[in-house]
Amino acid sequence: MNVLVALVYLLLTFILTTLCYKFYGKNGLYIWICVNIIISNIQTVKISEFMGLTTSLGNISYASIFLATDIINEKYGIEANKLGVKLSFIIMCIFSILMTLFLQFEPSKFDTSQDALNVIFGYIPRITLSSLTAYFISQTFDAYAYAYLKRRFNILWLSNNGSTFMSQTVDTFIFTILAFIGTMPISEMLEIMVTMLIFKYIIAILDTPFMYIVKNIKKVNEL
């Protein structure tokens, strides 16, 4: 059941990414990236299993962000892509700060939501900082890697998958090291990294057809 839901979820996010580009152009993708980075960080608190592998569900939404950034790079160039990374990074910082302050309000005795909100938004500072650091570095790396592969080979699937594979590896390595070093054995950290990368690589391959769909879209409505 989880595999089916994941496939439907991925298909929907890829379709929405494509539609954001078709109807709103570059700015539509900027908005989509900012929305999706918040969604993926909220979804991170839920853990699920797929064919015996355990993973955070945030990985699914997070990995789909790379489709949007690759579209921006393909259609508008590396500088436009870097702007999208900066905007989404700033939005995630603002969101994290505001939600941290929000949780400091003393709840009423009639309140029933505080415990749930603490679970969802009470990010451990180390995890939050690790996530933000890994996101900014990996997305910046992705922008340069895509531009290089496009300039060097000009093969769409290679630019898309090659840059995503490399940047997702960078992201996973940085996040895992910063978030968990000293808190668990190296063997467990490696297991977490391998599991995360398996899902991210699969998602990267699955988004490739949508890169070709976007490539062939000639008329786009820009905001």
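First, the conventions. Residues are numbered from 1 along each chain as its sequence is written, and side-chain values use heavy atoms, with hydrogens and water left out. Since we are looking at a predicted model, local features need pLDDT of at least 70 and side-chain atom pairs count only at pLDDT 80 or more, while totals for chains, interfaces and linings use all residues.

On confidence, then. pLDDT is the predictor's confidence in each residue, from 0 to 100. The protein averages 92, and 100% of the residues score at least 70. Confidence is lowest in strand β2, residues 53-56, with a mean of 78, and highest in helix α8, residues 208-215, at 96. Helices and strands here are DSSP runs numbered from the N terminus: H or I with at least four residues for helices, E with at least two for strands. Where pLDDT is low, the predicted coordinates should not be read in detail.

Next, the salt bridges. The criterion is a side-chain nitrogen of Lys or Arg within 4 Å of a carboxyl oxygen of Asp or Glu. Side chains of opposite charge can pair when their charged atoms come close. The structure holds four such bridges.

Glu74 is buried at 11% relative accessible area, whereas Lys150 is partly exposed at 25%.

Another bridge is between Lys200 and Asp171, where the closest N and O atoms are 3.0 Å apart. Lys200 lies in helix α7, residues 186-206, and Asp171 in helix α6, so the pair ties together parts that are 29 residues apart in sequence. Both ends are buried: Lys200 has 1% relative accessibility, and Asp171 has a relative accessible area of 5%. As for shared partners, salt bridges join Glu74, Lys150 and Lys215 into one network.

A local case is Glu79 with Lys82, the closest N and O atoms being 3.5 Å apart. Both residues lie in helix α3, residues 78-102, three residues apart, or about one turn of the helix. An α-helix has 3.6 residues a turn, so residues three or four places apart point the same way. Glu79 is exposed, at 54%.

Now the buried positions. In α8, Thr208, Phe210, Met211 and Val214 are buried. Viewed down the axis of α8, these buried residues fall within an arc of 155°, so they line one face of the helix; the arc is that of the directions from the helix axis to the C-beta atoms. They pack against α1, α2, α5, α6 and α7, where contact means heavy atoms within 4.5 Å.

Thr176 sits in helix α6, residues 156-180, and is buried at 0% relative accessibility. Not counting residues up to four places away in sequence, Thr176 touches Ile181, Met189, Met193 and Met196.

Ala68, in helix α2, is likewise buried, with a relative accessible area of 0%. With the same exclusion of residues up to four places away, Ala68 touches Thr17, Leu29, Trp32 and Ile33. For Ala68 and Leu29, 39 residues apart along the chain, the C-alpha atoms are separated by 6.1 Å.

In strand β2 we have Leu53, partly exposed at 30%. Leaving aside neighbours within four places in sequence, Leu53 is in contact with Ser48, Thr195, Ile198 and Phe199.

Last, the surface and one backbone angle. Leu11, Leu12, Ile15, Leu16, Leu19, Phe23, Tyr24, Ile31, Val35 and Leu223 form a nonpolar surface patch with about 890 Å² of accessible area together. Patch residues have over 30% relative accessible area and no salt bridge; like charges are joined within 9 Å, and nonpolar side chains (Val, Leu, Ile, Met, Phe, Trp, Tyr) within 5 Å. Areas come from the Shrake-Rupley method with a 1.4 Å probe, and for residues only the protein chains shown count as cover. Leu12, in helix α1, residues 2-43, is partly exposed at 47%.

Most residues other than glycine have a negative phi. Asn154 has a positive phi of about 55° although it is not a glycine. Asn154 is found in the loop between α5 and α6 and is exposed, at 56%.

Conventions:
Buried means under 20% relative accessible area, exposed over 50%, partly exposed in between (1.4 Å probe, protein chains only).
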